[in-house]
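Thanks, everyone. I have one model to go through today, so please bring it up on your screens.

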Amino acid sequence: MTGPAATPAYETYEITLPGGRKVLSPEANQGVALWQDVVDNDIYAQAVDGLSAGDVVFDVGANIGFAAYFFTDLVPGLRVYSFEPADACYACLKANAARQPADITAIQAAVGSKPGTAELTYYPKSPAQSSLYPDSDEDRRNSTTYLVNSGIGADVADAFLATMHQGHSYPVEVTTVAAAVDTYGVDEIALLKIDVERAEQDVLDGIGEAGWSRVRRVVAEIHDTDGRLDAITRQLSERGFTVEVGQERLLAGTNVHMLLAARSR
């Protein structure tokens with residue numbers, strides 16, 4: 001009898017962000033660009049505008065912690081629970097959280113519609129696109145458009161993307177927003193941030209009927225496949241949120257959109 005396949009080993013790299021902050025990353029080349037994507041994201045800045053010290057943020061799909069860094073830079077004193085299932089990213093997230101003088105709790109789990117396990121496809125050369133719902137064709141199209149929008153020629157982009165979405169799969173733990181609220185004794189989620197590569201609806205489904213009254217705001221990256229953006233916009237509107245939708249400049253022409261929902265009644 002053979003045991004389960006071992007998860008391939010991974011390396012970590014220390015990278016320096018603009019301003020001199022050093023962070024660990026499982027990938028050597030994308031860290032600065034990913035950080036810039038976060039700090040240039042106007043909807044992320046709007047999402048924490050008006051929040052206060054002591055407010056709770058659930059950072060779902062935390063990767064290595066950039067959103068948590070950005071949110072706590074803007075609003076010192078936030079309490080952030082950062083959820084990340086990928087082994088390599090979680091190891092960096094946990095180390096990065098320890099380096100930050102902020103209240104960031106790293107949790108190794110995906111967040112979905114029900115507790116259990118699921119198969120994660122991990123891309124070592126593009127960890128931020130790792131997913132429970134892998135779609136390498138969509139990821140390649142979106143990445144090509146992003147690179148061209150960044151000023152990189154299509155031929156260079158094709159060469160860069162040749163191996164970006166080659167990955168391996170392994171099982172990860174899945175929790176839910178409802179379960180996490182109970183586990184960590186959270187009375188209110190001031191902001192639920194979601195960046196989970198096509199698993200957005202699962203996260204919302206795992207809030208539970210009783211949990212919706214505890215959620216004040218939602219900010220989410222939505223992959224608009226099969227009408228997902230309209231469906232989630234409608235769902236949040238029906239639950240009393242005012243919804244704003246936009247798209248980052250470098251993602252113009254992709255199916256990736258940003259959504260900000262704030263409770264209006």
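Where pLDDT is low, the predicted coordinates should not be read in detail. This is a predicted model, and for the chain as a whole the average pLDDT is 94, with 96% of the residues scoring at least 70.

Next, Val 48. This residue belongs to helix α2, which covers residues 42–48. Is Val 48 buried or exposed? Its relative accessibility is 2%, and buried means under 20%, so Val 48 counts as buried.

What does Val 48 touch, once residues up to four places away in sequence are left out? The contacts are Phe 71, Leu 74, Val 75, Leu 78, Leu 191 and Arg 217. Take Arg 217 from that list: 169 residues separate it from Val 48 along the chain, yet the two C-alpha atoms are 9.0 Å apart.

Now helix α5, residues 136–149. From first C-alpha to last, its 14 residues reach 20 Å, close to the 20 Å expected at 1.5 Å a residue. The buried residues in α5 are Glu 138, Asp 139, Asn 142, Ser 143, Thr 144, Tyr 146 and Leu 147.

After α5 comes Gly 151, with a positive phi near 100°.

Notes: Residues numbered from 1 in each chain as written. Predicted model: local features only at pLDDT ≥ 70, side-chain atom pairs only at ≥ 80, totals over all residues. Heavy atoms only, no water. Helix = DSSP H or I, 4+ residues; strand = E, 2+ residues; numbered from the N terminus. Buried < 20%, exposed > 50% of the residue type's maximum accessible area, 1.4 Å probe, protein only. Contact = heavy atoms within 4.5 Å. Expected span 1.5 Å × (residues − 1). pLDDT = per-residue confidence, 0-100.
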